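Subject: Structure handover

Hello,

Here is the structure I said I would pass on. Please have it open while you read the notes under it.

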Amino acid sequence: MESILVAIDGKHGAWGALSRACALAKRMDVKLNVLLVVPPVERALSRAEQQVEEDVRVRLGLNIEAAKSEGICINYFLAEGGYDNEVIEFINNNKISLLVHEIPEEDARSPERYYSTLHSIRHRVSCRVEILVPKKGV
């Protein structure tokens, strides 16, 4: 295995996926990449959406620093655009062996919409995909 990717949508975190990927990267001594995908600038965000995105960035920064302090080789990337396309492009351009992907809690209750996104990604990349589903109430 060469490297692991955790892709995070700017609207919500993927903290379970990031934790799992950190554990794998540390155990297997491989590089971990974290990709934060934010919406295009052309679309104005509401104040609430801006705050959520900022909260995700702050928490992500803290998690990355914690991983580095544990000796994990972790790289952080920011992409602007559509989530599916940015994740696919990153995987195909960076020799990613494993995508650790978390289903957002709100989508876990009605997975049909979410699985179409995951299906789109899975069939356009050659790496393995590990899916985490959040536990209820956690």
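The notes below go from the overall fold to the cores, then to one helix and the salt bridges.

Please keep in mind that this is a predicted model.

Overall fold

The protein chain holds five helices and five strands. Read from the N terminus, their order is β-α-β-α-β-α-β-α-α-β. The chain has 138 residues, and 40% of them count as buried. Among contacts with a separation of 6 or more, 79% are between residues 24 or more positions apart. The accessible surface is about 8000 Å², and carbon and sulfur atoms account for 49% of that surface.

Nonpolar cores

The largest nonpolar core has 25 residues, and those that touch the most other members are Ile4, Val6, Ile8, Leu18, Leu32, Leu60 and Val100. Two or more residues of this core come from each of β1 (3-9), α1 (15-28), β2 (31-38), α2 (47-69) and β4 (98-102). Helix α1 gives the largest share, seven residues.

Another core, of 15 residues, lies apart from the largest one and includes Val87, Ile88, Ile91 and Ile121.

Helix α2

Does the length of α2 agree or disagree with its residue count? Its 23 residues, at 1.5 Å a residue, should span 33 Å, and the end C-alpha atoms are 33 Å apart, so the two agree. The buried residues of α2 include Glu53, Val56, Leu60, Ile64 and Ala67. Residues three or four places apart in an α-helix point the same way, because there are 3.6 residues a turn. The buried residues of α2 pack against β1, α1, β2 and β3 (74-80). After the helix comes Gly71, with a positive phi near 85°.

Salt bridges

How many salt bridges does a search of the whole structure find? The search gives three.

- Glu130 and Arg20: the closest N and O atoms are 2.6 Å apart. Glu130 is in strand β5 (residues 128-132) and Arg20 is in helix α1, so this pair ties together parts that are 110 residues apart in sequence. Arg20 counts as partly exposed because its relative accessibility is 32%.
- Glu70 and Lys26: the closest N and O atoms are 3.7 Å apart. Glu70 sits in the loop between α2 and β3, and Lys26 sits in helix α1, so the parts tied together here are 44 residues apart in sequence. Glu70 has 46% relative accessibility and therefore counts as partly exposed. Lys26, with a relative accessible area of 47%, is also partly exposed.
- Glu53 and Arg57: the closest N and O atoms are 3.2 Å apart. Both residues lie in helix α2, four residues apart, which is about one turn of the helix. Glu53 counts as buried because its relative accessibility is 13%, under the 20% cut-off. Arg57 is partly exposed, with a relative accessible area of 30%.

Regards

Key:
Residues numbered from 1 in each chain as written. Predicted model: local features only at pLDDT ≥ 70, side-chain atom pairs only at ≥ 80, totals over all residues. Heavy atoms only, no water. Buried < 20%, exposed > 50% of the residue type's maximum accessible area, 1.4 Å probe, protein only. Contact = heavy atoms within 4.5 Å. Areas by Shrake-Rupley, 256 points an atom, 1.4 Å probe, with all protein chains shown as cover. Core = buried A, V, L, I, M, F, W, Y, C linked by side-chain atoms within 4.5 Å. Expected span 1.5 Å × (residues − 1). Salt bridge = Lys/Arg side-chain N within 4 Å of Asp/Glu carboxyl O.
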